[in-house]
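Subject: Model for your files

Hello,

The structure is below, followed by notes on what was found in it. Please keep the two together.

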Amino acid sequence: MIETPQPKTSPATPPAHAERVRVLSVLVEDGSNTLSKISGLIRRRGFHVRSISVGPSRQVGRSRMTLTVDAGHAETDQVRKQLERLVEVIEVEDVTGENVHSRELVVAKVKASEVDGLVERGAKVLNSAADGTTVEFSGEGKDVGDFIDELMRHGVLDVARSGPVVMRRTA
Amino acid sequence: MILEALEREGVEYIFGYPGGANLPIYQHLPEHPKLKHILVRHEQGAAHMADGYARACGKPGVVFATSGPGALNLVTGLCTAYMDSVPMIAITGQVNSTAVGRDAFQESDVIGATSSVTKHSYLVTSIDQLPRVIHEAFHIATTGRPGPVLIDICKDVQQASAERVTPERLDIPGYQPNGHVDLGHARLAARALASAERPVILAGHGVLLSHAEEELFKFAEKAAAPVGTTLLGIGAFPVNHPLSLHMTGFMGTGWNLKAVQNADVLMMVGMRVDDRVTARLADFAPNVKTFIHVDIDGSEMGKNVRPHIELVADARNALEAMTPHVGELEAGRGRWLAQIDAWREEHPLKYTHSNGHLQPQDVLIDMYKRCRSEAIVVADVGQNQIWAALWWNYDRPGLFINSGGAGTMGFALPAAIGAKFGRPDKAVWCVAGEGGFVMTAQELSVAVEHNLDIKIVLLNNFSLGMVRQFQDDFYGGVRSQVDMTHIPDFVKLADAYGLPGIRVDTLEQVGPAMDAAEKTKGPFLIDFRIDPEANVYPIVPLGKSLNDFWEAPDK
């Protein structure tokens, strides 16, 4: 379910498509069935997951998920409403739009040993070896996309990219 | 510990079937004489019995099944209850917690298989979880929008012993079912309906579930607004009332559909507005300027029809809050109600005797005279269901039970059995076609074992009638795999199970057969050989709008 570097939206996709996509920050109870309940619901209602990030929340026994979901043929707000029906889901916040901090992480291995260009962009070198250099970079989705384009010039061997983790900006 | 918890929750009946992974529970069952266990003949029957029980008496139905095939046999019954918002608790045995995931004997992922047809589910792997889980399960099943909750309990947990504990106070952060009525929206909604020229109210199962019939009646009378019901809302408003539009939807009455399609304000209360109600969605209620939707489940708002005014609340609270705001009616209702009366005259329910066969309506009209608005009628799925829904003027709630959302064939007999356990004071009639009946006919044993006073009205047309009708009219007239000539001789079948049965071929035989059924205490089956070509009317052709309904031919 984790997004691969290639964005799935093709240029031919009508703009309405983007409007159907919601970014939701979801606080859930930890449990063996939570992830499958959420993914099952999304499948059953005809929605599509674009990305998903899960990690422990501040509260013990609860996790924070950031979901990017395409509502398919349903009204976009149905995604939030259907998630809220699940007993495992404590809170859903729609964080679609501008006023958020959105961060994605990419870890990549490149052939080149000279990676100054990447470091200038904000990448951190994790490991340098004879067979290549491993770097990490985080940023907004677009910056991560640009960074991956830049990687191409360094001979990419491997890329792992997370989905976005999002938090509303506070004034 | 499980059984004690069930006693504490006030459980009277359990419909179940023992097997390897729930034997520890059954071992202790005789120590709890207050829990009456009904041994079913197939787990699907148990789920439908619990469902019928819950629909008849309002208490959650309780089901036991073992792991693997036992639990999986519940799936259809859980889905039936889930689609129609029926409170149910299913307790399934699971293999030992240490064996989970090893493909042990009769292991199956019951939680995975039932997640999409339950309101919530639990896998219990430790005895400490049990008291909380059972208490929560009953709470979740019965509150808000009710539904089935499944508890899968590992066998070692069933065998474990622990200190007797009373469950802690409920604390389910992800479950807050009782939305309060937004008074501003209630006032807006009431004013919109009151100031409408052509208002229509549609009432669904939610009205019955929240016991809002009286509030609906008061509100509708004050607003002088006509009221139709969905198939599951039957009984929410008396059909013989001048404001009644009877049943809506793609097999609804002509005057109802005319009213819905011409309404300028449509209030939908306690319903999902599904495709069987709207027919072609794009053409549903095209003249409505203001849609008002009242439902306790917020996700129903805009799921199918986007309302202009929404009230996420219990139907009774919402109607109560709206009524005072109806005020004086600005526009007279005379013209609109006269128009509806004219449509009622123009599009009556009708059937003919043109071919000399016994008609299903002949049977049902006789049956309903005997029911006298007192008996519970449980219908199966198909033509029998719609005939049973349309051919009686239900004037009070709780008398008509059927599988609306899931449309589960084989529902009627076990659900009727459950209904009789739930309401032993009521006469119970089970209406079914021969196709659905044979799907769960093995539960006749339960009716006989407990000498349940259930009258089974088989509308036998030797074919899958609804499918045959669809094939005739919407699938090029190709009759494919609908012939049911090879079914049992039902009188002999009844005899084999140990209950009396009669076969009826003509109109003259209907009354005496019904007399015999009524005189018999205990189950009774009548095999009515009805017109094999009888159809359901009105009907909206598949994919068409509600405007395009067909009526019964005159000859």
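Two strands are taken to pair if DSSP finds at least two bridges between them. Helices (H or I, at least four residues) and strands (E, at least two) are DSSP runs, numbered from the N terminus. This is a predicted model, in which local features need pLDDT of at least 70 and side-chain atom pairs count only at pLDDT 80 or more, while totals for chains, interfaces and linings use all residues. Residues are numbered from 1 along each chain as its sequence is written, and chains are lettered from A in the order in which they are written.

Chain A has five helices and nine strands, in the pattern α-β-α-β-β-α-β-β-α-β-β-α-β-β along the sequence.

An open sheet of four strands in chain A runs in the order E2-E3-E1-E4, with antiparallel pairing. Its edge strands, E2 (48–56) and E4 (89–94) of chain A, each pair on one side only. E1 (residues 21–29) and E3 (residues 62–70) of chain A are joined by nine bridges; A:Arg22 has A:Val69 as its bridge partner in E3(A).

The contact between the chains (C-beta atoms, placed from the backbone, within 7 Å) takes 18 residues from chain A and 16 residues from chain B. On the chain A side, helix H2 (34–44), helix H3 (77–85) and E4 give two or more residues. H3(A) gives the most, with five residues.

Within chain A, of the contacts between residues at least 6 apart in sequence, 72% join residues at least 24 apart.

Regards

Definitions and conventions
Contact = placed C-beta atoms within 7 Å.
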